[in-house]
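Open the structure in your viewer and keep the selection tool ready. This tour moves from stop to stop.

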Amino acid sequence: MKERESAQDMKTGNSGITAGGDAPPAEIARLEDAGKESIVLIDGVCHLCQWIVAFIIPRDPEGRFRFAPLQSDIGRYLLKRGGLNAEQLDTVVLIEQGRYYSHSAAALRILRRLPFPWPAAYALIAVPRPLRDHLYSFVARNRYRWFGRDDRCLMPTPDIKRRFL
């Protein structure tokens, strides 16, 4: 998955969406409301990815970031909507104002929206993307071995459940 440069329309315009990669009907209204927020799609079984969510939430008291597992119906729907492969779970995906970002671009753009000192890390955007993504992919390939994984997706605590799609 590469950084998407063209804007994507986040509205479905289709009330007949079914499961199996499409958003379940009950989630459509919430999805359309979320189009104004940044959505972070994570590998829901990866401990590193779960840690990323736990890192972002306390540094985002305004709740600008919403989350969904890549493996969820809503995650697969959003990936499909952005023209990304729903079977490729090796990256975090950030959706901002209808634009899709993955790999290092997603990570750096997330850090840029957090309070000081984290936006300083965005200076790494000057490093050529192939080099940044090579390092990102190295960590992604080893994340289960280094950090572990669960048999099922993250279940958010009741106090942060509202942040999940």
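In which helix is His103 found? Select His103: the residue belongs to helix α4. Keep in mind that this is a predicted model. The phi of His103 is near 55°, a positive value in a residue other than glycine. His103 counts as buried, because its relative accessibility is 6%, under the 20% cut-off.

Next, pick Gln97. Look in the loop between β3 and β4 (99–102). Gln97 is not a glycine either, yet its phi is positive, about 45°. Buried or exposed? Gln97 counts as exposed, at 73% relative accessibility.

Now go to Glu96, in strand β3 (residues 93–96). Glu96 is buried, with a relative accessible area of 7%. Show its side chain, which makes a polar contact of 3.1 Å with the side chain of Arg113. Beyond neighbours within four places in sequence, Glu96 is in contact with Ser38, Tyr101, Arg109 and Arg113.

Turn to the largest nonpolar core, a set of 21 residues. Val40, Ile56, Phe65, Phe67, Val92, Leu94 and Ile110 touch the most other members. Elements giving two or more residues to this core include β1 (38–42), β2 (65–69) and α5 (129–147). The largest share, five residues, comes from α2.

Zoom in on Val40. Among the residues Val40 touches, leaving out those up to four places away in sequence, are Phe65, Phe67, Leu94 and Ile110. Apart from this core lies another, of 13 residues, including Leu41, Ala68, Leu79 and Leu84.

Last stop: Pro117, in the loop between α4 and α5. A cis peptide bond joins Phe116 and Pro117, with omega about 10°.

Notes. Residues are numbered from 1 along each chain as its sequence is written. This is a predicted model: local features need pLDDT of at least 70, side-chain atom pairs count only at pLDDT 80 or more; totals for chains, interfaces and linings use all residues. Side-chain values use heavy atoms; hydrogens and water are left out. Helices (H or I, at least four residues) and strands (E, at least two) are DSSP runs, numbered from the N terminus. Buried means under 20% relative accessible area, exposed over 50%, partly exposed in between (1.4 Å probe, protein chains only). A polar contact is a pair of N or O atoms within 3.5 Å; within protein, one must be able to donate a hydrogen and the other to accept it, and residues adjacent in sequence count only if both atoms are side-chain atoms. Contact means heavy atoms within 4.5 Å. A nonpolar core is a set of buried Ala, Val, Leu, Ile, Met, Phe, Trp, Tyr and Cys residues joined through side-chain atoms within 4.5 Å.
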